[in-house]
Amino acid sequence: MRGIYSSVTDIRRKIFTEIARMAYNGDYSNIEELPYKIIPGEVATYRESIFLERAIVGERLRLAMGLPLRPIDQHAPLPTGISNSIIAEKYYEPPLINIIKFACHACPDNVVKVTDACQGCLAHPCKEVCPKDAISIVDGRSVIDQEKCIKCGLCIKNCPYGAIMKMERPCAKACGMDAIRTDENGHADIDYDKCVSCGMCLVNCPFGAISDKGQIFQLITAMKQGYKVYAAVAPAFVGQLGPKVTPEKLKGAMKALGFEDTVEVAIGADLCTVEEAEDFLSKVPKEQPFMGTSCCPAWSVMAKKLFPEFKPYISMALTPMVLTARMIKKDHPDCKVVFVGPCAAKKLEASRKSVRSDVDFVLTFEEIMGMFEAKDIHFEDLTEEEELGEATADGRGFAVSGGVAQAVVNCIHKTHPDVEVKVHAEESLRNCRKMLQDAKKGVYDGYLLEGMACPGGCIAGAGTLQSIVRAKGAVNKFKASSKKKVSSESEYVERLEELVEE
């Protein structure tokens, strides 16, 4: 549903805006009034009760501040625990991805159903092909016995009218880890032992019942306490804030929010490219059969969870986010760094012990848009133009599926033009799982494997605002404008060694 401005999008945007406004004003005493501001009036618009709508908004406000959901069976005022979150540093209590149970529609899951389109035909092929005799004809229409049905799909395939459908819970269908299950009340539930926080359930729930935790309040608190906060902006940023915020206007726009400066993460992507190229040349196939790229945290965690024997084969290169943050902090030791990007899983990556000191906050493009609206910044009034940096086209291409692997191949060919680099790239965790299953059979020996959790790559992350097609076009156009060429020598290697040693 990316790129579609729906009522779910509208409510999420209003919540991020109100949290940012509350932080800029420095007053959180009115948080209990915000559900009434976001959902005004006396008549419900989206659900059966306006009180239910406001209760859901209340939980979303808490999550946007990094607070946990309140227990449904206990009394707890909306501001419960809020004082703990008013800090100028990362505030995070797991889990990152949360289901607001009373917002969940309890969607039917994995049910094969005959619709009203059934014509009661004479041939009734659905009944004839059913291996479990689960279909009977009642009053001339097909009826499925759910106790017998094994969901094989033969009836769906053979119905000449397309009158039989399989209903799946949208969040479960989108989850490549099969981490969404059903609780005792029929609501969606997350198996956190499987979940990798990619956020695909979040963007595919049409009832807005799933949300990740945010750090908007803590970031703005850091700004107000006098910290110099630098924004490290992911390569997928192009076009996400609308056509009026061009790459040349981004720095000025971010300064209007209170950021000290803005740096392209694509510069860190160039460094990551060099490191992964060196890893591949030195290890494949001498030490390991293949190498997987490292920049997508959800893909990396999935590979290590489901295929622990492949853990050493995922590149140990630091991600572009971490390398960029280290660059910034090397030049500005007392600053704070916020990664601004499309990804929910980056919030989890930034909370790792090995990364916590490098990346102070992670915000999505959607959350940053809330900050712009809280400050009442009109993009058409922005006149300041400044180049973002000197990233290469390859570094900027990390945002699109296949871009990471292509960057590594290009880098290898700079110094080893005769080396053949076989590449396979997949997008979505379900496809990535199949890729590793094939790798287990030796299908990809000698390959560089790129995995992206989101369909289309980072441009389709859970925190994006534009459609995948439009975002891809914007990124490719920005890539074409890059004049800097990647090198695997001189300042790249020296800079990389400095940052890795830290």
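**Cavities and a parallel sheet, term by term**

The structure holds eight cavities of 30 Å³ or more. This is a predicted model, in which local features need pLDDT of at least 70, side-chain atom pairs count only at pLDDT 80 or more, and totals for chains, interfaces and linings use all residues. Residues are numbered from 1 along each chain as its sequence is written, and side-chain values use heavy atoms, with hydrogens and water left out.

Student: What makes a space in this model a cavity?

Tutor: On a 1 Å grid over the protein atoms alone, a cavity is a set of points where a 1.4 Å probe fits but cannot get out, and its lining residues have an atom within 4 Å of a point. The largest cavity has a volume of about 280 Å³, where volume is the space filled by probe spheres set on grid points joined across faces, edges and corners. Of its 25 lining residues, C295, P342, C343, K346 and C458 are the closest to its centre.

Student: How many residues of each class line the largest cavity?

Tutor: Its lining has 22 nonpolar, two polar and one charged residues; Ala, Val, Leu, Ile, Met, Phe, Trp, Tyr, Cys and Pro count as nonpolar, Asp, Glu, Lys and Arg as charged, and the others, Gly among them, as polar.

Student: Why are β10 and β13 at the edges of their sheet?

Tutor: Strands are DSSP runs (E, at least two residues), numbered from the N terminus, and two of them pair if DSSP finds at least two bridges between them. Strands β9 and β12 pair in the parallel sense over five bridges, and the open sheet runs in the order β10-β9-β12-β13. β10 (261-264) and β13 (361-364) each have a single partner strand, so one side of each is left without a neighbour in the sheet.

Methods:
Helix = DSSP H or I, 4+ residues; strand = E, 2+ residues; numbered from the N terminus. 1 Å grid on protein atoms, 1.4 Å probe; cavity = no way out; pocket = protein on both sides within 12 Å on 5 of 7 lines; lining within 4 Å.
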